[in-house]
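The following note sets out some points on the structure shown below. It begins with the ligand and then turns to the protein as a whole.

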Amino acid sequence: MQDLNGKVALVTGAGSGIGKAAALKLAAAGAKVVVMSRTAEEIEATAREIEAAGGTAKAITADTSDDAKMKALVDETIQAFGRLDIVVANAGINGVWAPIDDLKPEEWDKTIAVNLRGTYLTIHHAVPHLKRGGGGSIVVIASINGTRTFTNPGATAYSVTKAGQVAMTQQLAVELGEHRIRINVICPGAIESEISDNTKQRNTEEAEVPAEFPEGDIPLTGGKPGKAEDVADAVLFLASDASRHITGTPIWLDGGQSLLR
Ligand code: NAD
């Protein structure tokens with residue numbers, strides 16, 4: 001069991017799915033956790049669940065793409081708990097998946113704003129406090145899409161944000177190393193969550209290329225998606241001192257899915 005007593009964590013997109021599972025796991029390991037999402041109701045429910053299990057949490061509503069709100073989120077974290085050690089940049093949307101000649105500029109902009117600008121703003125506002133505290137761990141949640149998998153038709157904007165997150169992680173591992181700040185990125189495959197409710201697919205059959213893959217999508221599970229807790233365990237490892245010499249590293253967490261397609 002990792003010990004995060006005395007540490008303060010910030011998890012974006014912690015209202016459901018991977019972010020919620022990660023927040024619960026970090027809190028169970030002893031961290032005080034600020035949980036954030038764009039929806040007050042779901043994020044307050046996450047905080048209540050952490051407190052019911054004996055942990056400490058504070059719920060804050062914000063949009064990852066809003067600079068002023070993201071600054072306020074980090075400021076409130078410091079006001080509440082005095083420091084910041086662990087940052088999980090998880091909030092994200094699939095957005096609109098459509099052929100490139102059909103995808104509207106505003107749809108492109110929305111996915112880039114939430115996923116990529118959002119990751120930048122999270123890290124941008126958190127880093128001064130991690131430096132001040134003498135170090136820390138940042139965990140970014142990307143995807144197999146855009147990093148190993150390019151076969152989800154119409155997912156261009158989404159894939160670009162996920163590739164960008166991996167590039168950002170590797171670039172920043174070099175920049176932040178001297179401040180003892182580690183940054184790593186998890187690239188999940190299919191994971192049970194609410195994300196498909198937030199996906200809009202339009203005419204994707206036009207962008208599809210017929211290809212025959214080996215039977216079964218996910219070798220390790222016979223095709224069954226992973227669980228948010230599977231990702232949360234890796235977040236806990238990367239947040240803790242057990243991963244003290246690991247930085248700038250992508251972890252594909254997909255049961256082998258991305259090696260097939
Ligand atoms: P989810 O929809 O269950 O959770 C997403 C969370 O982010 C929710 O709490 C939602 O309210 C929040 N959110 C969305 N837009 C936001 C915004 N603009 N500002 C603040 N909060 C916002 O989805 P999930 O599957 O848990 O996704 C989490 C991350 O994992 C995403 O970055 C996603 O791209 C990535 N991912 C998911 C899968 C999967 O199969 N579920 C696979 C690969 C990567």
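1. Which side chain has an N or O atom 3.0 Å from an oxygen atom of the ligand? In this predicted model, that side chain belongs to Lys162. The protein covers 96% of the accessible area that the ligand has on its own, which is 830 Å².

2. A polar backbone atom of Thr64 lies 3.0 Å from a nitrogen atom of the ligand. For Arg38, a backbone N or O atom is found 3.4 Å from a ligand nitrogen atom.

3. The shell around the ligand holds 30 residues, of which Ser16, Glu42, Asn90, Tyr158 and Ser193 come nearest. By residue class, 13 members of this shell are nonpolar, twelve are polar and five are charged.

4. Regarding the overall fold, the protein has seven helices and nine strands. Its radius of gyration is 18 Å, close to the 18 Å that the globule rule gives for 261 residues, and the protein is therefore as compact as a globular protein of that length. Taken along the principal axes, the box filled by the C-alpha atoms is roughly 55 × 40 × 40 Å.

Note on methods
Residues are numbered from 1 along each chain as its sequence is written. This is a predicted model: local features need pLDDT of at least 70, side-chain atom pairs count only at pLDDT 80 or more; totals for chains, interfaces and linings use all residues. Side-chain values use heavy atoms; hydrogens and water are left out. A residue is near a molecule or strand if one of its heavy atoms lies within 4 Å of it. A polar contact is a pair of N or O atoms within 3.5 Å; within protein, one must be able to donate a hydrogen and the other to accept it, and residues adjacent in sequence count only if both atoms are side-chain atoms. Accessible areas come from the Shrake-Rupley method with a 1.4 Å probe; for residues, only the protein chains shown count as cover. Ala, Val, Leu, Ile, Met, Phe, Trp, Tyr, Cys and Pro count as nonpolar, Asp, Glu, Lys and Arg as charged, and the others, Gly among them, as polar. Helices (H or I, at least four residues) and strands (E, at least two) are DSSP runs, numbered from the N terminus. The radius of gyration is taken over C-alpha atoms; the globule rule is 2.2 Å times the number of residues to the power 0.38.
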